[in-house]
Amino acid sequence: MDKISNPFSPGAGSPPPELAGREGILEQAEVLLARVRRKRPEKSVLLTGLRGVGKTVLLNEMERMAQAREYRTILVEALEGKPLAVILIPQLKRLLFELDRLAGAGNKVRRGIAVLKSFISAVRVAVGDVEFGLDIDSEPGAADSGDLEIDLPNVFMAVAEAAEDRGTAVAILIDEIQYLHTKELSALIMAMHKMQQRQLPLVLIGAGLPILPGLAGDSKSYAERLFSFPDIGPLSEDESAKAIQGPVESAGERIEPAALREIFRLTRGYPYFIQEWGYQAWNHAPSSPITAEIVRETTRLVEKRLDENFFRVRFNRLTPREKTFLRAMAGMGPGPYRSSDVADVLHTKITTLGPVRANLIKKGMVYSPAHGLMAFTVPLFDEFMLRAIPEFFVQ
Ligand SMILES: Nc1ncnc2c1ncn2[C@@H]1O[C@H](COP(=O)(O)OP(=O)(O)OP(=O)(O)O)[C@@H](O)[C@H]1O
Ligand SMILES: [Mg+2]
């Protein structure tokens, strides 16, 4: 079929032709945004789920929804090894400047800028000099204690008060939240606590790999009170069929029900895989309709593309010891796995595996779905590991 009109869009963050099966979570976001706009308390949202399930796509969609409600938005991506403050500062500055340009901007906006300047002075080493070109002095003591758990809430408060004063609200969206340090997460939690207490119009929407089981003590109980953690999972068979059939028919072509069933069986409803399969099946089909036979024929090709684009890039970032660890996991099936079982397979003690395990979590390759358990963050990664390292011996 005509490759140019292929509707599917495999790729990180690429908006799908049909955002299937996410009505519930979008409605939750709609309610959150509307309530915060009216200064009613509502839990912030942290979307968590495995790689390629569509978290970034949802975050982008929620940013659009916020903008449609006349929010001012900040969308950033946390990066391993980059302080959150450094990521947020330029965006906060942009936002305050936008507010300052609005007609009749008053003291609250100017104070916001003064507080941000104070914050910057405390983290200058990390950010370097930030050009302001506005004649507003820093407010010493406002957000320069150097303790993020104190300073970030103060910055958020000043920004939210500035927005409130201008009759608007702020949405801060953070992708890849699993890369935030415990301190940074707890600073965000404290900041949102302040927003709720003061009923200020600032919402936080995050997305990333599951983090809740990794939090401990006070942070955890606060987090559970202030945030909801909707689990973004694979699509059901009906949703997966919709994700494929809708776009095919909108493009004026057809696909057989048996082909839809086959795609669901092969992808298990994982959105990234659905896009890839839809894309390849479309290109491979000589003419409409796309049949189950065509879907099966593209399996090798899709697997090769997924290996190259989705799995291999992650595999290549691993050290030999990390690969061995993951291969030991994969040999036991799809998981979750107990650390002690991995240690047994590798004929070693659980304590010696601690550092490797910690690094794999830091790299976002595995996460802990519950205390004492580990699982892959990439769907079907166990099967890939078996393809990548078919022979496996432990010396
Ligand atoms: N609801 C959906 N229906 C169909 N396709 C979807 C849906 N959500 C996402 N996709 C597709 O899945 C792919 C992955 O989406 P996205 O990059 O948002 O995932 P992610 O969860 O952010 O992954 P990662 O954890 O690797 O960042 C994209 O090609 C996107 O078009
Ligand atoms: Mg993403």
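Predicted model: local features only at pLDDT ≥ 70, side-chain atom pairs only at ≥ 80, totals over all residues.

Author: Gladly! Residues are numbered from 1 along each chain as its sequence is written, chains are lettered from A and ligands numbered from 1 in the order in which they are written, and side-chain values use heavy atoms, without hydrogens and water.

Reader: What volume does the second largest cavity have?

Author: A cavity is a set of points on a 1 Å grid over the protein atoms alone where a 1.4 Å probe fits but cannot get out, and its lining residues have an atom within 4 Å of a point. Points are joined across faces, edges and corners, and a volume is the space filled by probe spheres set on them. For the second largest cavity that gives about 60 Å³.

Reader: Which element gives the largest share of the lining of the second largest cavity?

Author: Of its 11 lining residues, the closest to the centre are L46, L185, L188, L204 and F227. Two elements, β4 and α7, each supply at least two residues; helices (H or I, at least four residues) and strands (E, at least two) are DSSP runs, numbered from the N terminus. The largest share, 3 residues, comes from α7.

Reader: How much space lies in the largest cavity?

Author: Its lining divides into 8 nonpolar, 3 polar and 3 charged residues. Again α7 gives the most, with 3 residues. The space in the largest cavity is about 150 Å³.

Reader: Which strands stand at the edges of the sheet?

Author: The open sheet of 5 strands has parallel pairing and the order β2-β3-β4-β1-β5, where two strands pair if DSSP finds at least two bridges between them. One side of each edge strand is left without a neighbour because each has a single partner strand; these are β2 (71-77) and β5 (227-228).

Reader: At what angle do helix α9 and helix α11 pack?

Author: Two packed helices are described by the angle between their axes and the distance between the axes. Axes are lines fitted to C-alpha atoms, for helices over the stretch in contact, and angles run from 0 to 180 degrees between N-to-C directions; contact means heavy atoms within 4.5 Å. With axes 10 Å apart, α9 (residues 237-250) and α11 (residues 271-284) pack at about 35°.

Technical notes
1 Å grid on protein atoms, 1.4 Å probe; cavity = no way out; pocket = protein on both sides within 12 Å on 5 of 7 lines; lining within 4 Å. Nonpolar A, V, L, I, M, F, W, Y, C, P; charged D, E, K, R; others polar.
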